[in-house]
Amino acid sequence: MEYQEIVEEAFATLSLNKLRTGLAMLGIIIGIGSVIALMALGQGSQKAVANQIQSLGANLLTISPASQRGGFVQGGAGSASTLTYADALAIENSSEIVNVERVSPEFSRRAQVTTGGKNTNTQIAGVTPNYSVVRKVEVSAGNFITDRDVSSQTKVAVLGPQVVSDLFGDNATPIGQSIRIQGQSFRVVGVTVSKGGSGFQNQDDVIYIPLTTAQKSLFGSTSLSSISVEAKSEDVMVAAQDEIGYLLLSRHKLSDPAQADFSIFSQNDILSTASSVTGTFTTLLSGIAAISLIVGGIGIMNIMLVTVTERTREIGLRKALGAKKAVIITQFLVEAIILTLVGGLVGMVLGIGASYIIAKIISLPFAISLISIVLAVTVSGGIGIAFGFYPAKKASNLQPIEALRYE
Amino acid sequence: MIQVKNVSKIYETGEVETKALDNVSFNINDGEFVAIMGPSGSGKSTLMHILGALDTPTSGTYILDGKKLENLNDDELADIRNRKIGFIFQAFNLLPRTTALKNVMIPMMYAGVPKKERLKVAQKYLEMVGLSDRMLHTSNQLSGGQQQRVAIARALVLSPSIILADEPTGNIASTQAEEIMAIFQKLNKKGHTILMITHEPDIAEHAKRIIHLRDGKLVEDGNGHKQKIAAVKSKVI
C-alpha cells in the first residue's frame, strides 16, 4: 500500500465511527487545551507581579515615620517625633545630600467626598508637583498640582479616573466642576491617566490636592505620612539611603540609629521580596504544568487504549484478509497521528482562547509562552501516538483467529 | 494440494487441557469439493482455522502446495491468506458501517491491486453473488444472507485456488442456502478447491467427499458416506 492510500484509509476509518473519533479527539483537546490554559494563567500572574514592581520605579526610596521594617534602621515603636515638611525640604536642599534627584513629601488620609447627590470614600493625597515625576503619575486632562497651589494653599483637586466615574459617571469631564471633601469645596483642575485597577493598591481611586491644603486646611496636621525620594540612579541607592538616614537622625536629635523614629526602605527590599514571590510563582507554575500534563496525558492514554483495544477484532479481520503486520501498524500509527494532530491544533486554539478570556475576566495580563505550547503538544501528542500505536502493535502480533475472538 | 500430517491442537485453560484436534491426517487434491462434518466441539472450526493459516497447530505439519506453513514468517502467511485462500466465516466478519463494495475491495487493497481495477473486480463479484443493487449498502443494512454473499464475494476477488467456508449456510435461510451452494458448485467446476464445514446433511450432499470428525479425531473419510446419508434421510422420511 502506498502512503497516500494509507492516509486516505485512515481518514475513512476515522470518519466511519464519528463518536469514537470524537471522544478520542475530545480527550486530546481537553488534555492539551487545559495544559496551555493553566500555564498561561500562571504566567499571566507572574507577569502581573513583575509589572506591579516595575511600575514603582527601581530608584525609589520611601521614608515612613515611626517603626516600619526597613533596610537602614529598625525604628523604635511609638516614637514621639514624626516626619515633617521641613524634613523633606532639608533632604531636598541639604549640601550633605548629593545622591538625591527629587523629593516628594506626602500626607494621605481617607475622607468622604461628595458632589451633587453622589458621594464616595476615597484616599486624599496631599502632594507637591514632584509627586507626579517621582511616582510617575500623568494627567490625561487639565494639569497636576503646581508649586503655586502648594505655596498658596489653593483648594484644587486632581482626580483619579476611578473617582471621576464614581462621582461624575463614566466618560465625564469634571474639570472646572467642584467637589466637597469633608464639607470643604475644591475645584477640579485635572484627571490622571489610568494606571490600571489591579494591584496591591488601586492607584486610580485617589484624589490629589496640594500638600499644604491637606495638612493645614483639611486635616490640621503638621506631619507627613511618607516622603518618596528619587535617587540619581539605581547604583547610588544605598549611598542615598545612608545620607538621608544621617541627616534625619541629626535633625531629630538622635544619636543612636536604633532609636530612629523613621524608616527608609528601598525598591531593593521590595525587589528581594518580589523575587521570592516570582520564585514561588515559578514553582507553582511548574507544579500546575506537571499536574495538568499528567492529568491530560492519562486522559489521552485511557481513551486511546480503549478505542484501539476495542478494534482488536478489526485488526484480526484485516490480518485474516491478508494485511501484513507493518501495514496494520502504519494504519493505526497514521490514525493516531491524525487524531493527535487535529486534536492538538483544536486544543491549542481553545487553550489560548480560554486563557485569553479568563485573563480578561480576572484582569490579568495575557501571557502565553511558546514553551508551554511545545510542551503540551509534544507530551500529549507523544502519549496519544504511543497509546494509539502500542495496543495496535500488540494486537497485530496475535494470531488472526485470537484477535478475531477477542471480546 | 493440502497435506495435513498428524496435526493436533491443544488449548490450555488453567490446568485443564482440551484436545481440539487429535492427530489428524489427510490430503486434499486440487479441485476437490470436501465437506467437513461432525458434532459441535468436534474440532471442525479449529481445523478450518489451521487450514486457513489463521491459527497454528500445537504439533504436526500442514503443507500447502509443497510449503510447510510452520516455516513461514508472519508476512508470508499474510500473503497466503491474501492470495491463496478465500476464507468465509460463519459470522460473516464484515467491517461494520462499511459498504459492501468497500468490504469486497479490502483483500485487493492489501494485494496492491490498482484502485480502478479493484472497483471493477469488486463490482463483478458482487454481481455474481446477486448483489448488484446492494453495493453501496453498509453491512448493517444487509440481511444475513446478503452479508454472507458479500463475504463470499470478498473471499473470491483475488480468485484464490482454495475456498474455506465455515458453516456458510449456518446463519441464513434455507432458500438462500441453496443459492450459495449453487455458487460453490459453479466455482468448483471452474477448478477451485472447496472445503466447507456443515452439520446439515443436505448441504453436505453437494460435496464429493465428506470428512467426519468426532472429539478432535478423524473418524470417517470418503465418498461412500454420501450414500449413507441418503439412506438415513430416506429412513427419516
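Which residues in helix 3 of chain B meet which residues in helix 4 of chain B? Before the answer, a word on provenance: this is a predicted model, in which local features need pLDDT of at least 70 and side-chain atom pairs count only at pLDDT 80 or more, while totals for chains, interfaces and linings use all residues. Residues are numbered from 1 along each chain as its sequence is written, and chains are lettered from A and ligands numbered from 1 in the order in which they are written.

From helix 3 of chain B come B:Ala100, B:Leu101, B:Val104, B:Met105, B:Met108 and B:Met109, and they meet B:Arg118, B:Val121, B:Ala122, B:Tyr125 and B:Leu126 of helix 4 of chain B, where contact requires that C-beta atoms, placed from the backbone, lie within 7 Å. The residues of this contact comprise ten nonpolar, no polar and one charged, with Ala, Val, Leu, Ile, Met, Phe, Trp, Tyr, Cys and Pro taken as nonpolar, Asp, Glu, Lys and Arg as charged, and the others, Gly among them, as polar. Helices (H or I, at least four residues) and strands (E, at least two) are DSSP runs, numbered from the N terminus.

Two packed helices are described by the angle between their axes and the distance between the axes. Helix 3 (residues 100-111) and helix 4 (residues 115-128) of chain B pack at about 125 degrees with their axes 9 Å apart; the axes are lines fitted to C-alpha atoms, for helices over the stretch in contact, and angles run from 0 to 180 degrees between N-to-C directions. The two helices of chain B are therefore oblique to each other, given that angles under 35 degrees count as roughly parallel, over 145 as roughly antiparallel, 65 to 115 as roughly perpendicular and the rest as oblique.

In chain A, strand 2 (residues 100-115) runs antiparallel to strand 9 (residues 226-231), joined by six bridges, and A:Pro105 stands opposite A:Ile227 there; strands pair if DSSP finds at least two bridges between them. Strand 2 of chain A also pairs in the antiparallel sense with strand 3 (residues 118-127) over nine bridges, with A:Ala111 opposite A:Thr122. The hairpin of strands 2 and 3 of chain A has two residues between the strands, and A:Gly116 takes a positive phi near 50 degrees in it.

Where the chains meet, the contact takes 17 residues from chain A and 21 residues from chain B. The largest share of the side of chain A, four residues, comes from helix 10 of chain A.

Definitions and conventions:
Two residues are in contact if their C-beta atoms, placed from the backbone, lie within 7 Å.
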